[in-house]
Amino acid sequence: MNQSEFVKLITPFKDKVFRLAKRLLVSTEEAEDATQEVLVKLWDKKNGLDKYNSVEAFAMTITKNYCLDQLKSKRAGNLQIVHNNYTDGQAGMQKQLEDRDSLGWVEKMINELPEQQRMIIQFRDIEQYEFEEIAKMMDMNETAVRVALSRARKTIREFMTKTHSYGIG
């Protein structure tokens with residue numbers, strides 16, 4: 001595989017790799033470094049990539065593992081998982097403020113979820129992966145992915161309901 005073939009292969013999903021890295025590492029610089037590392041690892045394995053059913057799923061798995069390693073390392077000890085790339089340019093000022101507040105609460109709840117549920121929320125609700133792909137990336141049963149996603153969403157929904165109905169009834 002030459003360089004142009006490799007670029008054609010990775011171009012459709014390299015932004016997803018960056019977004020996952022940013023989601024996990026928070027820092028744009030750290031996410032860029034992680035993306036670069038993943039692309040280098042893919043380049044090193046360029047001649048064996050054809051044996052994978054989905055190079056994209058393989059790249060996302062490498063990204064997830066690399067980022068989790070970074071989070072566990074001493075130099076990244078103070079990083080946390082956050083999601084902050086949502087904006088709604090169409091709504092009025094009041095609605096924007098309410099949405100921003102709600103998003104802050106949802107982010108807070110996502111950060112408090114167990115690591116596995118955070119990853120599944122990221123893959124399914126933000127990156128829009130299918131359950132089968134998530135199951136492969138997370139090395140889980142597809143049913144277990146659905147259950148974990150359902151529990152994560154239920155936890156967030158219950159917290160938001162409780163937060164927004166505070167003082168009512």
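Start with Phe 159. Its relative accessible area is 17%. Buried means under 20%, so Phe 159 counts as buried. Keep in mind that this is a predicted model.

What does Phe 159 pair with? Its aromatic partner is Trp 105. The ring centres are 5.5 Å apart, with 50° between the planes. That makes the pair tilted. Trp 105 sits in helix α5, residues 93-112. Phe 159 sits in helix α8, residues 142-164. Is Trp 105 buried or partly exposed? Partly exposed, at a relative accessible area of 28%.

The structure holds four aromatic pairs. Another one of them joins Phe 123 and Tyr 129. Here the centres are 5.9 Å apart and the planes meet at 85°. Planes over 60 degrees apart count as edge-to-face, so that is the label for this pair. Both partners are buried: Phe 123 has 0% relative accessibility, and Tyr 129 has 2%.

Now charges over rings. Stay on Tyr 129. The charged end of Lys 16 sits over the Tyr 129 ring, 4.9 Å from the ring centre. So Tyr 129 has Phe 123 as its edge-to-face partner and Lys 16 over its ring. Next, Arg 124. Arg 124 lies over the face of Phe 131, at 4.2 Å from the ring centre.

One more lysine, please look at Lys 46. Where is it? Lys 46 lies in the loop between α3, residues 28-44, and α4, residues 55-72. Lys 46 is buried, yet has no salt bridge. Which side chain of opposite charge is nearest? Asp 44, and it is 6.6 Å away. What does Lys 46 touch? Leaving out residues up to four places away in sequence, Lys 46 touches Met 1 and Phe 6.

Last, the whole protein. Eight helices, zero strands. From the N terminus on, the elements run α-α-α-α-α-α-α-α. There are 169 residues, and 40% of them count as buried. Take the contacts with a separation of 6 or more: 65% are between residues 24 or more positions apart. The accessible surface comes to about 10400 Å². Of that, 48% belongs to carbon and sulfur atoms.

That's it from me. Questions welcome.

Definitions and conventions:
Residues numbered from 1 in each chain as written. Predicted model: local features only at pLDDT ≥ 70, side-chain atom pairs only at ≥ 80, totals over all residues. Heavy atoms only, no water. Helix = DSSP H or I, 4+ residues; strand = E, 2+ residues; numbered from the N terminus. Buried < 20%, exposed > 50% of the residue type's maximum accessible area, 1.4 Å probe, protein only. Contact = heavy atoms within 4.5 Å. Areas by Shrake-Rupley, 256 points an atom, 1.4 Å probe, with all protein chains shown as cover. Lys, Arg positive; Asp, Glu negative; His and termini not counted. Salt bridge = Lys/Arg side-chain N within 4 Å of Asp/Glu carboxyl O. Phe/Tyr/Trp six-rings, centres within 6.5 Å; stacked < 30°, edge-to-face > 60°. Lys NZ or Arg CZ within 6 Å of the ring centre and 35° of its normal.
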